[in-house]
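This report works through one protein model, taking its salt bridges, its sheet, a single side chain and the confidence of the prediction in turn. The sequence and the coordinates are shown here for reference.

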Amino acid sequence: MRMIFVNLPVKNLDASKAFFEALGFSINPQFTNDDAACVVIDENIFAMLLTEPFFKTFINGEISDASKAQEVLVCLSASSRAEVDELLAKAKGAGAKPWKPIMDMGPMYGGSFQDLDGHVWELMYMDPAAVATGADCTELTAEPA
């Protein structure tokens, strides 16, 4: 079994933990201390929130300023269009900034936000019936009509 740990630098660890808890995610105390927090997104998906000084010990060079340039797009699947809308509302209520407008491309529906440190999170629902029929998903990066 593989797991994914997305490591993100944060300016204020307590505020970032509260933000992700407001979205309905939990913090694993076993991997959390004054320098880092493990956000449990799903059974095998985790975001490691690392204070900027601690994050710096893992990298070469400087920390990217996510408020000015995107270093990564983190995309999470959603079980429905309603879940996309619900998570977006929770994120905005917890202090997230809107990023791009809602994308409605028939079988694919998504939204996005920037967390407290400017990291971009996308939420995406893909209609299972469209996947089962072999819908062409290669055009889904195009701007919405």
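Lys 90 and Glu 86 form a salt bridge in which the closest N and O atoms are 3.5 Å apart. The model is a predicted one, and this distance, like the other values below, is computed from its atoms. Both residues belong to helix 3, which spans residues 81-93, and they are separated by four residues, about one turn of the helix. Lys 90 counts as partly exposed at 32% relative accessibility, and Glu 86 is likewise partly exposed, with a relative accessible area of 44%.

| Lys 11 and Glu 52 | 2.9 Å | loop between strand 1 and helix 1; helix 2 |

The salt bridge of Lys 11 with Glu 52 has its closest N and O atoms 2.9 Å apart. Because Lys 11 lies in the loop between strand 1 and helix 1 while Glu 52 is part of helix 2 (residues 52-56), this pair ties together parts that are 41 residues apart in sequence. Lys 11 is exposed, with a relative accessible area of 63%, whereas Glu 52, at 26% relative accessibility, counts as partly exposed.

Four strands make up an open sheet with mixed pairing, arranged in the order 1-4-3-2. Strand 1 (4-10) and strand 2 (26-28) stand at the edges and have a single partner strand each, so one side of each is left without a neighbour in the sheet. Direction ignored, neighbouring strands of this sheet are turned by 35° against each other on average. Helix 1 (residues 13-22) packs on the sheet and touches strand 1, strand 2, strand 3 and strand 4 (45-51), its direction making about 160° with that of strand 4. Within the sheet, strand 2 runs antiparallel to strand 3 (residues 36-42), and three bridges join the two; Asn 28 stands opposite Cys 38 in strand 3.

A polar atom of the Gln 114 side chain lies 3.1 Å from the backbone oxygen of Gly 118. When neighbours within four places in sequence are left aside, the residues in contact with Gln 114 are Ala 66, Gln 70, Ala 96, Lys 97, Trp 99, His 119 and Val 120.

**Confidence of the prediction**

The protein chain has a mean pLDDT of 91, and 90% of its residues reach 70 or more. Over residues 140-145, however, pLDDT stays under 50, and for this stretch the model has eight contacts beyond four places in sequence. Where pLDDT is low, predicted coordinates should not be read in detail.

Terms used. Residues numbered from 1 in each chain as written. Predicted model: local features only at pLDDT ≥ 70, side-chain atom pairs only at ≥ 80, totals over all residues. Heavy atoms only, no water. Pairing = 2+ DSSP bridges. Axes fitted to C-alpha atoms, helices over the stretch in contact; angles between N-to-C directions. Contact = heavy atoms within 4.5 Å. pLDDT = per-residue confidence, 0-100. Polar contact = N/O pair within 3.5 Å; in protein donor to acceptor, adjacent residues only side chain to side chain. Salt bridge = Lys/Arg side-chain N within 4 Å of Asp/Glu carboxyl O. Buried < 20%, exposed > 50% of the residue type's maximum accessible area, 1.4 Å probe, protein only.
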